[in-house]
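Subject: Handing over the model

Hi,

Here is the structure I promised to pass on. Have a look at it first, and then read my notes below.

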Amino acid sequence: MPIHKTFGVDLGTSTIKIYSAQKDTITKEKNMIAIRNGEQVLAVGDDAYEMYEKAPSNIYVESPMSFGKIANINHTEIVLQTLLQRAEHASLLGNTLFLTVPADMSEIEKRAYYTIASGSRKNNVRMVEKSIADAIALGIPLNHTKGSMVVNIGAQSTEISVVAEGRVILSKIVEIGGKQLNESICNTVRRKYNLHIGTRTAKRLKLSLGYLGLDKKEARKIVGIDSLSGLPREGVISSRAVHEAITDLIRTVGEEIKFFLERTPPQIYHSIIEEGIYLTGGTTRIPDIEWYLRRVTGYKIHLSGLYDLCTICGVKEIINSRSLQKWAK
């Protein structure tokens with residue numbers, strides 16, 4: 001058994017991504033935990049997600065993260081340490097963890113991240129700002145950029161950051177992400193079709209019918225609970241209904257980007273406008289989202305094909321390049 005191992009960890013609100021330097025692999029599992037009667041841990045990760053929206057009333061299934069930050073320290077630590085063990089058996093003397101964190105966290109939040117990552121084995125923890133990891137994965141030259149904007153639309157929040165001269169100079173978290181879009185779809189389907197659906201079904205509709213570009217007239221058959229009878233029934237949901245449900249929230253993200261740009265110094269602003277805005281995150285899988293945000297903001301948008309793996313791919317590069325490790329503190 002190796003004496004020491006190195007991992008990269010992206011603690012997403014919906015999904016944890018773990019990079020094992022020894023295996024050179026990235027694994028993904030749902031950032032969820034199932035608790036029975038408020039104290040007994042039944043399952044974590046994908047096993048807990050299988051119980052989501054299906055469990056009886058005495059079993060609570062949740063994500064211990066909220067809006068991209070830690071909401072429950074104890075549950076986050078249990079999930080992280082369990083998934084690290086699944087990714088690769090623990091070493092004799094603990095591990096080195098390169099952990100991604102928000103750029104605008106407080107000292108209290110910083111201690112919380114250190115606590116959950118160090119664990120019982122007292123792992124060596126090095127923190128990497130998410131925006132820096134994203135920028136590296138996107139190929140932004142950190143030491144030379146005069147101003148680059150990275151927008152990461154995640155599961156529950158959007159992090160807007162401006163990177164210049166090797167550091168994050170401005171950062172803001174907007175509380176709009178995939179979860180809010182899913183909930184909006186649930187509300188729209190209930191209002192238009194008298195049908196109650198779960199967020200897992202709403203997510204499938206969002207990715208298959210949530211066209212933000214061309215007006216495609218498509219539909220999907222789903223099963224939900226009838227609002228009047230309380231019995232299961234089928235319904236056919238149109239792409240127009242899904243479009244209506246998500247458009248206002250995506251427009252708000254675009255308006256937040258424009259407002260954020262107005263706060264940047266003029267020389268950095270001109271660099272961003274010339275270079276364009278980099279867009280990443282799991283929620284950017286929505287069809288034509290980059291086209292729609294380009295239309296709302298009026299600026300060039302570069303969509304990363306890495307989506308939700310962008311941050312962990314940046315951490316992977318940091319781990320494997322000694323010259324990049326100065327951005328891990």
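Before the notes, one term: a polar contact here is a pair of N or O atoms within 3.5 Å, and within protein one of them must be able to donate a hydrogen and the other to accept it. Also keep in mind that this is a predicted model.

Let's start with Thr 283, where that term is needed. Its side chain reaches the backbone nitrogen of Gly 178 at 3.3 Å, so this pair falls within the 3.5 Å limit. A polar atom of the Thr 283 side chain also lies 2.7 Å from the backbone oxygen of Gly 154. You'll find Thr 283 in the loop between β17 (277-280) and α9 (289-297). Is Thr 283 buried or exposed? It counts as buried, because its relative accessibility is 6% and the cut-off is under 20%. Leaving out neighbours within four places in sequence, its contacts include Ile 153, Ala 155, Gly 177, Leu 181 and Ile 289.

Another threonine to look up is Thr 311, which sits in helix α10 (residues 310-320). Thr 311 is buried too, with a relative accessible area of 3%. Its side chain makes a polar contact with the side chain of Asp 134, at 2.6 Å. Apart from neighbours within four places in sequence, Thr 311 is in contact with Asp 10, Thr 100, Lys 130, Ala 133, Asp 134 and Asn 152. Ala 137 is 174 residues away from Thr 311 in sequence, yet the two C-alpha atoms are 7.0 Å apart in space.

Then there is Ser 239, in helix α7 (residues 239-262). Ser 239 is buried, at 6% relative accessible area. Not counting residues up to four places away in sequence, it touches Leu 209, Tyr 211, Lys 216, Lys 217 and Glu 218.

The largest core has 40 residues, and Met 149, Ile 185, Ile 197 and Ile 277 touch the most other members. The largest share of this core, eight residues, is from α7. A second, separate core has 25 residues, among them Ile 18, Ile 33, Ile 35 and Val 101. As for Ile 197, its contacts beyond four places in sequence include Ile 185, Val 189, Leu 205 and Ile 222.

Next, helix α2 (residues 73-87). Its 15 residues reach 21 Å from first C-alpha to last, close to the 21 Å expected at 1.5 Å a residue. Which residues of α2 are buried? They are His 75, Thr 76, Val 79, Leu 80, Leu 83, Leu 84 and Ala 87. These cover an arc of only 160 degrees around the axis, so they lie on the same side of α2. At the start of α2, a side-chain oxygen of Asn 72 comes to within 3.2 Å of the backbone nitrogen of Asn 74.

Last, some strands. β4 (residues 33-36) and β5 (residues 40-44) run antiparallel and are joined by four bridges, with Arg 36 partnered by Gln 40 in β5. The two strands form a hairpin with three residues between them, and Asn 37 in the turn has a positive phi of about 55 degrees. β4 also pairs with β6 (residues 59-62), again in the antiparallel sense and over four bridges. There, Ala 34 stands opposite Val 61 in β6.

Over to you!

Methods
Residues numbered from 1 in each chain as written. Predicted model: local features only at pLDDT ≥ 70, side-chain atom pairs only at ≥ 80, totals over all residues. Heavy atoms only, no water. Pairing = 2+ DSSP bridges. Buried < 20%, exposed > 50% of the residue type's maximum accessible area, 1.4 Å probe, protein only. Contact = heavy atoms within 4.5 Å. Expected span 1.5 Å × (residues − 1). Arc of directions from axis to C-beta. Core = buried A, V, L, I, M, F, W, Y, C linked by side-chain atoms within 4.5 Å.
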